[in-house]
Amino acid sequence: MPDVLEIEGLAKTFGGVKALQGVDLTVRAGEIHGLLGQNGSGKSTLIKVLAGFHQPDPGGRLRVNGQEVSLPLAPGEYKSLGMRFVHQDLGLIPSLTVLENLFLDELATEASVAIPWKQWRGRARTLMQRYGVELNPSKLVSDLRPVERALLAIVRAVATAPSNGLLVLDEPTVFLPQDDTQMLFDVTRNVAGTGTGVLFVSHDLEEVKQLTDRFTVFRDGRVVGSGATADHTREQIVRLIVGHDLEAVSHRSAAQLAASPPAATVTGARGGLVAEASLVVHRGEVLGVTGLSGSGFEDLPYLMFGASSAEAGRIEIGSATTELRRQNPTKAFKQGLALVPADRPRDGAILSLSVLDNVSMQTLPTYQRGPFLRRRKMQEETRKVLSTFDVRPSDPTLPCSSLSGGNQQKVLMAKWLQTRPTVLMVHEPTQGVDVGAREEIFSVLRSATAEGMGVLCASSDHEQLALICDRVLIFRQGLIVAELTGDQISKERLSELSYAVQDPSKDLAS
Amino acid sequence: MSAPDDTKDSTATKDVKNSRSSKANRLDLVQRVALPFAWLLLIVGFGIANPSVFLTAATFQTMLGSQAVLLVLTLALIVPLTAGDYDLSVAGVLTLSAMMVAILNVQHGWPIWAAVLAALAMALVVGLVNGLIMVYFGIESLIVTLGMGTLLTGITLWASDSATISGISQGLVEYVIVKRFAGISLAFFYAIALCAVLWWVLEYTSIGRRLLFVGRGRSVSKLSGVRVGRVRVGALMGSSVLAALAGVLYAGTSGGADPSSGSSLLLPAFAAAFLGATSIMPGRFNPWGTAIAVYFLVTGITGLQLMGVQSYVQQLFYGGALLVAVALSQLARGRVPLDNG
Amino acid sequence: MSAPDDTKDSTATKDVKNSRSSKANRLDLVQRVALPFAWLLLIVGFGIANPSVFLTAATFQTMLGSQAVLLVLTLALIVPLTAGDYDLSVAGVLTLSAMMVAILNVQHGWPIWAAVLAALAMALVVGLVNGLIMVYFGIESLIVTLGMGTLLTGITLWASDSATISGISQGLVEYVIVKRFAGISLAFFYAIALCAVLWWVLEYTSIGRRLLFVGRGRSVSKLSGVRVGRVRVGALMGSSVLAALAGVLYAGTSGGADPSSGSSLLLPAFAAAFLGATSIMPGRFNPWGTAIAVYFLVTGITGLQLMGVQSYVQQLFYGGALLVAVALSQLARGRVPLDNG
Amino acid sequence: ASPNGAAAATASGPAVDTSAAKAEIDKAKALATFTAPGPAFDVSKAQGKTIVNVSLNSTVPFNQIVDAAMGEAGKEAGVKVVQFTNQGQVSQWIQGVQSGIAQKADAIVLEGSPDPKLLGPQLAAAKAAGIPVISTHLYDESYVETAKKEQPNIAAFVDAHHYRAGTLMADYAIMNSGGHVNAYFVTSNEVQPAAGIAKAFKDELAAKCPATCKAEIVNIPISDWATKVATQVQTALLKDPSINYVVPVFDGMTSFLTTGITQAGKTGSVKIVAYNGTASVMKMIQDKNLVVAEVGEPLEWLGWANMDQVLRVLTGTEPVASEKTPLRVFDSTNVDEAGKPVNQKDGYGDPNQFKDGYRTLWGLK
Ligand SMILES: Nc1ncnc2c1ncn2[C@@H]1O[C@H](COP(=O)(O)OP(=O)(O)OP(=O)(O)O)[C@@H](O)[C@H]1O
Ligand SMILES: Nc1ncnc2c1ncn2[C@@H]1O[C@H](COP(=O)(O)OP(=O)(O)OP(=O)(O)O)[C@@H](O)[C@H]1O
Ligand SMILES: [Mg+2]
Ligand SMILES: [Mg+2]
């Protein structure tokens, strides 16, 4: 059986940036192949070349199922080559319905003059049922929660994946909670079982170890290593990715939290999926909130920040008390709150503006001297901040869009930490961030708390929470049902509590 | 005049059939029919104010027959609007097309079908050039078509020597405005037929869907294999051809052509396109909503004209109706921003 | 125009040049100065073709002095364009503002400053209403301002009784067009001063930056604490006030006001705004680029007029120059899509 | 600016005899008296009939005044005049005519010059429905005979004296300049009579002072007035600084001319003569602001004249060839007769004079 995908000497340059250089990659039939590498190492670029989105530099070669295919690929050609994708930003059109997105690929290239909408609706229902996804086909994708969007994109790719084709999953798990991740893995294995090759991109090495048969690591657009997953330890892989060893440090502080004063107090918050929540974020602590998706933890920071509307509740920061119903982001920012949202392209960064513009959004007034903004100073400061956070490339005049996803995330952290908030709220802060950068973000958060900032971290990544949090609140059905502190916090315990269906009152006692 | 049920379902943008809330369903319905209802109210209002003149078959026949040109021009606009582009050159194409038909037919003695074909060919070329410049140079459609529109105006002035030309073959006139069905000029039925065709293209063909995909998410479409450039060029060619058809209807309706009048139709056409996007399939540019918008506006104006009110009142009605109608429909919709693709 | 969507899309497709490479830097410079250079070429060309008349101080003085109204109107447009909104009511505001100055001054005997203040107050109200409707109902700026523009036309017709009004106080006329500095009417300097002020606001104040943030990423701005609604309302108020100033200049230039001519300035203003966005700070609407665009176009027209060519040739130049200028500047830029904010 | 022609002669060249031009102007400055356009007839046969009046553009004061006068005259004759108000769009004229046919009007009037060329099918339909259509103020008196052949579906025309206005403007410039006219004439040829007016102007210069007078004619469509006229005039003045008259084919263009002249810094040497008698332009004569003379028409009289022809058609009387409405030249010596501020209706003597004339003619008095 020939290999489903063979790439030789593929290169891609953006202006001066060499995103890919002489990449060789082979995906065998029926194998699940991990594609690893730091942020900006070129993983998505490779995938977009396969999708016919980017034109590679001349010179590379591509074989699919042993057949030579001439590059560049035409848009849509991937379909006839048997490839299916879940792209990093999912490849959905938010203002259209689930049904339309589900059949996007089909409509994009096939010629039809009598689209059987009714029949498709039925097909959509069957598909959803088969993968255990409950989605109304007429709903707008923009009204879906991130999990639902991810599921939709996955169902779309998997459902039509042909045997002996290629299924490409570019960080499909970042939006998924644990149980859905397992479902995705099962489905992926099934697909691979039919002889399809799978290319799987993730920054989560646990997932990589669990799922993949072989892997390839990129660094700065080059292949720096590959091999069978089983033959490599986690540490070996990390070394390949980052280029050096990571010190395994515990990030959790030993601070006596009870002694530190509250930074923010929330009482009786209600709105969105939150039924009722009261909590305190202390100075100097990292407070995690977690739960299953839909349990309400992901809405909490947005309620506190006034980014989604609350029905009731109060927030107290220092001496100021605000009704949550009247909270809005402007006020919240003035009170000392900061929010790094999860939906980066929509809520986080203005991709068409420069890194400088993005980073300086809140700090503009401090650069005002007389009637003028001191733009050179702004640039210098931003350059400093970027190097602190190891953003690559660190040129502040580049448009944000030319940074890789992980680097964009670092820019956002930089943007908000600069404002020295009392409470920093982060939603999935290391989503799509490579292991190296992830460590950097953790230590940045940690050093910020050392100066007395409180951090509220909403995340469904229990491992991450276990690593950085001093305290974690677990949500179920809109209520805080458990609290873990200090050494009680572990990945397993968090998952257990999130899934538990027993009487909530018991947990609180634990 | 409205789309069959299953289409509505399949493509509606709002939470149709959202099992959890029947209230949303009701709101949605309200918004779908708000404009037709407002239209009805207008008719009733003018009927009461001026029954003897307004409530006659003849008035309705005239109203329906007289706006075919505007309707077709608006249809031309919604093709590129669906694909996320503006075409400001449609007015120029309309004028030049009418002028070509007049010049070729009257001054050069071409048979009418040949003159019409020439006008359509001109439109294809204009649309293609528009599209190629837009895609190849990466320039916004707004500015490309603005430039092209000005260019076409210049060409029209040159070709016509700034003069109005009349005397187009009776054949065209006959089949556009003189012949009637149910008392309404054929022009109306052509326009409605175009509505139906466009509705079918937008809803039931993959080309129509691709227009929508490109309009709503250009890079996602590209990732999915849509040839975005081609689709956008195609949309501009489509709008040009429709505009040329509007020009042919114009020539047929007035039996001649003048070098300037198309431009006064541009803003009303945009108004109708956007107003139409609030109805039938709220949030999407759609042909039936457009037709209703055109006839809603023209009913108001005609009613006022028949009452002999001063001209400025008609302007006030036009501007006011546009604002109020869209605002109300947005209220019914829970103030979701209209998505223009 | 769904600005946020657009931005998202362009991100992936943009093959952004890298500032590290010096080739890119050179290209960037080429593009910045492409339009000024084209302007120079025009001047040289007409200078050679027609040295005795074209290359005189008087020609340049009149060229510069004559476009103040258009320039200020274009500046009005770029404020909301930067914030991602269209304002089609500027032409209506211009006309009504000129008419108010004329009516209050000529028919009611108000001193000129009071009439001007009244016009500016009207503009503030119009901008506010535009903005509130847009934000409160979530309607696109394009359609709100289209409706408002029509409404204002109606109001102008009503207030003026459709008549042209002449005989505005010599004071205004004196200080707008009669008095000169370096042989150029003061109107030019007012317009340039407004350019400078707007440039300062857009580049060196946080308000200006916020306009840009809102234009490029509405939701990000909101989450960053920018009061998006207020900024957008403010932008529309700004554009209205600038349009009213253009109206005052109009009244001063012609010594009167007519109820209709403002509307023919709308498309040229859009053309200049977009053409201006290709120069000086490519990809952004910017005042100096706008000024250069306006004077580039008028130089071409004037040169042709001096050569005595027919009116249609001027149209051809206008449309053609727009297309060619933008296309060339895009070529210099490596065909990156222009971001319309 | 002295109206006395001889004075200016010395500066600009050989003396020219301008007495013929002056005589024409003097005649045209005087008040006109009513002359019956044709035989008297009995309007009672038209009692109770209805006409639909479609004007060129109801937002234009010219049409507003004429329309109102038609209504007034109609009332006296017992004819109902239904106004179809519009904004000058062809589709609206079409609708107006169709609505006239639908309402089974007894006649349809195209008032103040909607172009019948753009209404071909509708006029045919009106004729087929037996409804006479009357076109007014579009064709010059000299062109009406040709127009009758070109437009067989129009039952009657009310002529206008457009070309004579062109002649009078030329005469005034000749008289005013002492026979040394270098004119810049801006026309808008898409309007039917415009080219003829320009030609009449040029012909008169050629006839009265062939050696010392000249005119350049340029065409700018109405839709481009606001953007092009000022720069066009300004560049023309730069190119040829000896231009001493700028002439608009219709005086609606005047404010743009003013801008161009002021911008070129030529307010001292350039004058405007114009046609139409629009109030704001007449006021500029009073203000001594560039405009030296206006050729005006009595608008109410035009309305009554329109109705005279309409009533003839309604009663089956033979239409007259010319309604004989007058033109009057205004300059600083007589412009105040039009009121201060100018009222566009006034300046033509006592309106009751012509009204009585028509009443007598119609057998109402
Ligand atoms: N459209 C583009 N224009 C310019 N540069 C780009 C573009 N897309 C990607 N790049 C650059 O190419 C390099 C590779 O980016 P890519 O998105 O492939 O990284 P990645 O490995 O997928 O990273 P991540 O793990 O963060 O998703 C980065 O340096 C990025 O800045
Ligand atoms: N967006 C821009 N486009 C073009 N030129 C600019 C832009 N911003 C600034 N400049 C130019 O860059 C130069 C440096 O200006 P800048 O405002 O950066 O100085 P600065 O270092 O901030 O001064 P200070 O720190 O004293 O306030 C100036 O000549 C200015 O005109
Ligand atoms: Mg990636
Ligand atoms: Mg990533």
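The model is predicted: local features need pLDDT of at least 70, side-chain atom pairs count only at pLDDT 80 or more, and totals for chains, interfaces and linings use all residues. Residues are numbered from 1 along each chain as its sequence is written, chains are lettered from A and ligands numbered from 1 in the order in which they are written, and side-chain values use heavy atoms, with hydrogens and water left out.

Start with the axis itself. Contact means heavy atoms within 4.5 Å. Five pairs of chains touch, and the most contacts are between chains B and C. Of the interface residues of chain B, 86% are also interface residues in chain C, so the copies meet through the same surface. Chains A and D do not touch. Their nearest C-alpha atoms are 35 Å apart.

Now turn to chain A. Domain bounds come from an automatic or database domain assignment. For chain A, the assignment gives domain 1 (5-242), domain 2 (254-336 + 421-507) and domain 3 (353-419). The C-alpha centres of domain 1 and domain 2 of chain A lie 32 Å apart. Across this pair, 18 residues of domain 1 are in contact with 17 residues of domain 2.

Next come the strands. Helices (H or I, at least four residues) and strands (E, at least two) are DSSP runs, numbered from the N terminus. Two strands pair if DSSP finds at least two bridges between them. In chain A, six strands form an open sheet in the order β6-β7-β8-β3-β9-β10, with mixed pairing. Its edge strands are β6 (83-86) and β10 (222-228), and each pairs on one side only. Axes are lines fitted to C-alpha atoms, for helices over the stretch in contact, and angles run from 0 to 180 degrees between N-to-C directions. Neighbouring strands of this sheet are turned by 15 degrees against each other on average, direction ignored. Helix α6 (residues 146-159) of chain A packs on the sheet and touches β6 and β7 (166-170). The direction of α6 makes about 175 degrees with that of β6(A).

Look inside the sheet. Strands β3 (residues 32-37) and β8 (residues 197-201) of chain A run parallel, joined by four bridges. A:Ile32 stands opposite A:Val198 in β8(A). In a regular strand the side chains alternate between the two faces of the sheet.

Strand β11 (residues 262-271) pairs with strand β14 (residues 312-317) in the antiparallel sense, over five bridges. A:Thr265 stands opposite A:Glu316 in β14(A). β14(A) is also joined by four bridges to β15 (residues 320-323), and these two run antiparallel. Here A:Glu316 stands opposite A:Thr321 in β15(A). β14(A) and β15(A) form a hairpin with two residues between them. In the turn, A:Gly318 has a positive phi of about 60 degrees.

How do the helices α5 (residues 68-82) and α13 (residues 228-254) of chain C cross? Their axes come within 8 Å and cross at roughly 175 degrees. Angles under 35 degrees count as roughly parallel, over 145 as roughly antiparallel, 65 to 115 as roughly perpendicular and the rest as oblique. α5(C) and α13(C) are therefore roughly antiparallel to each other. The contact includes C:Val72 and C:Leu73 of α5(C) and C:Leu242 and C:Leu249 of α13(C).

Helices α4 (residues 90-102) and α5 (residues 120-128) of chain D pack at an angle of about 10 degrees, with their axes 10 Å apart. That makes α4(D) roughly parallel to α5(D). The contact includes D:Ile94 and D:Val97 of α4(D) and D:Ala125 of α5(D).

Finally, look at two loops. The peptide bond from A:Leu71 to A:Pro72 is cis, with omega near -10 degrees. A:Pro72 lies in the loop between β5 (67-69) and α2 (77-80) of chain A. D:Leu290 is not a glycine, yet has a positive phi of about 65 degrees. D:Leu290 sits in the loop between α11 (279-286) and β10 (291-296) of chain D.
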